[in-house]
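My notes go down in the order I looked things up.

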Amino acid sequence: MKRIFITGFALLGLLRVAAQDNTPADSTAYKAQKLKLDEINLVSSYYKQDGNNSAVTGGIGTEKLTDISNSLDVKFVKHGATGKKHTLDVEVGVDHYSSASSDMIDLSANTSASYSDIRVYPSLSYTMENEEKSNTFGAGVSSSTEYDYQSFGGNISYSKKTKDKNGEFTARFQTYLDQVKLINPIELRSAIGNGGTKGRNTFAGTLSYSQVVNKDFQLLFQADVVSQQGYLSLPFHRVYFNDGSVHQENLPDSRFKIPLAVRASYFLGDNIIIRAYYRYYTDDWKLTSHTADLEVPVKLSPFFSISPFYRYYTQSAVKYFSPYGQHTGSEQFYTSNYDLSKFDSSFYGMGIRVATPNGVFGIRHFNALEIRYGHYSRSTNLNSDIVSINIKYK
Amino acid sequence: MKSIYCICAALLICAATSSCTSVKEYQKNKINDAEMALNNRKAEKTELSFQTYREGSSGANAGKSGGGCGCN
């Protein structure tokens, strides 16, 4: 909460500095503007899931979970005297979740989805676009706080458009410095103790290139290289060996990931758009996955569209995964977390988008309203539903 | 099999980029349509989070590559 206030005061300070900018107007084509509110986005979601492979109870037991998520994203823009466009984006998100499996850290607790926590994640990002030179520099910081986890993030990016402004190359570097609070399964605390924290660091480099192919079609290629180091297990994940003994999940302290993706948008005729996405992923824990996503927005009018979508995902298991009661004492690393098992999943649903020129429902500045519903089904019998709403003020 | 994927991807990239035509700003009314954006929708934010948590892979989707827990 303190961080939200600090972020808020920092923002107010910046606004005050911007408001006191008394730079005299010059006679060039560019005119300096004050920092002004450009856009506000409110995103709210309700998510619920159920399954029977909780990692907290060693790969068996309820995965019932609900999550209510709200985030507010406020964007400010300022055009400088030298033709530079400055954008400041302030975002605060709050998730409230209840999880039956987290409740089972203490096995004597009840099995309802009663354990609850709040996650707060503010972020601040800044970009400076030089429209004359067609390049953009960006930087941002973020944090995420919940009862047993603290994450601080930072990123920098640089983009450069091609001469004809139909292509854009972007390089980005992100880092997350995390601390995991060691909350161990209750029956293991006499042997291994409880409390304290361990670190987990993530470093990610991204290269992407987008290209307008013709007036109806554009493409984006993206490649990430992600390296994680530190405590990559979760302390309250149990693993039951084939001799009946219970252990704490133990995974290697490094992971190297390479996801590669291509995204395309194609305007088919005057009313139908095809949005497609494919990702190939591989890492040194021997997990390989393919993701294919297709969404077809249909414009029923220039201001109203419906968008059915379907996403297919398939992955192999990490080499350290075995189900309940199948790991042996000879293994160095082990997990029974089904999120790392072999499975495939389908996610399908529909979205609607309303964006009328005079404001949605006639409310001025209520620029767009978007509602999405999706159902997720995993071959390990985990099912979930999600409904989201985005209100855009501009 | 991996080399076939690589060749297909390379061919796709070559075909896509070699057939590019220079599109002027005034011809970009369809390209600039909000539904054509080459990024995720704001309303997809929580969907991407739960997919990152419930699946073993992440990244290359303009979202987070780490940070936050996902441990529930």
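I began where the chains meet: chain A puts 71 residues into the contact, and chain B puts in 37 residues. I then asked which element gives the largest share of the side of chain A that touches chain B. That is strand S9 of chain A, residues 217–230, with 9 residues. Sorting that side of chain A by class, I got 31 nonpolar, 28 polar and 12 charged residues. I'm keeping in mind that this is a predicted model.

Next, chain A by itself. I found 3 helices and 19 strands in chain A. I also checked its extent: along the principal axes, the C-alpha atoms of chain A fill a box of roughly 80 × 50 × 40 Å. Buried residues come to 33% of the 394 residues in chain A. For the contacts in chain A with a separation of 6 or more, I noted that 57% join residues 24 or more positions apart.

Then chain B. I noted 2 helices and 0 strands there. Of the 72 residues in chain B, 43% count as buried.

Back to chain A, for the loop between strand S17 (343–354) and S18, where I found A:Phe361. Its phi is near 55°, a positive value in a residue other than glycine. I wrote down the background too: most residues other than glycine have a negative phi. Is A:Phe361 buried or exposed? A:Phe361 is exposed, because 9 other C-beta atoms lie within 10 Å and a residue with 12 or fewer counts as exposed.

A:His365 also went on my list, and its place is in the loop between S17 and S18 of chain A. A:His365 is not a glycine, yet its phi is positive, at about 75°. I counted 12 other C-beta atoms within 10 Å of A:His365, so this residue is exposed.

My last stop was A:Phe366, which sits in strand S18 (residues 366–378) of chain A. A:Phe366 is partly exposed, because it has 18 other C-beta atoms within 10 Å, and that count falls between the 12 or fewer of an exposed residue and the 20 or more of a buried one. Which residues does A:Phe366 contact, leaving aside its neighbours within four places in sequence? I listed A:Gly359, A:Val360, A:Phe361 and A:Tyr393. So A:Phe361, exposed with its 9 other C-beta atoms within 10 Å, turns up again as a contact of A:Phe366. I also checked A:Phe366 against A:Gly244: they are 122 residues apart in sequence, and C-alpha to C-alpha they are 59 Å apart in space.

Conventions
Residues are numbered from 1 along each chain as its sequence is written. Chains are lettered from A and ligands numbered from 1 in the order in which they are written. This is a predicted model: local features need pLDDT of at least 70, side-chain atom pairs count only at pLDDT 80 or more; totals for chains, interfaces and linings use all residues. Two residues are in contact if their C-beta atoms, placed from the backbone, lie within 7 Å. Helices (H or I, at least four residues) and strands (E, at least two) are DSSP runs, numbered from the N terminus. Ala, Val, Leu, Ile, Met, Phe, Trp, Tyr, Cys and Pro count as nonpolar, Asp, Glu, Lys and Arg as charged, and the others, Gly among them, as polar.
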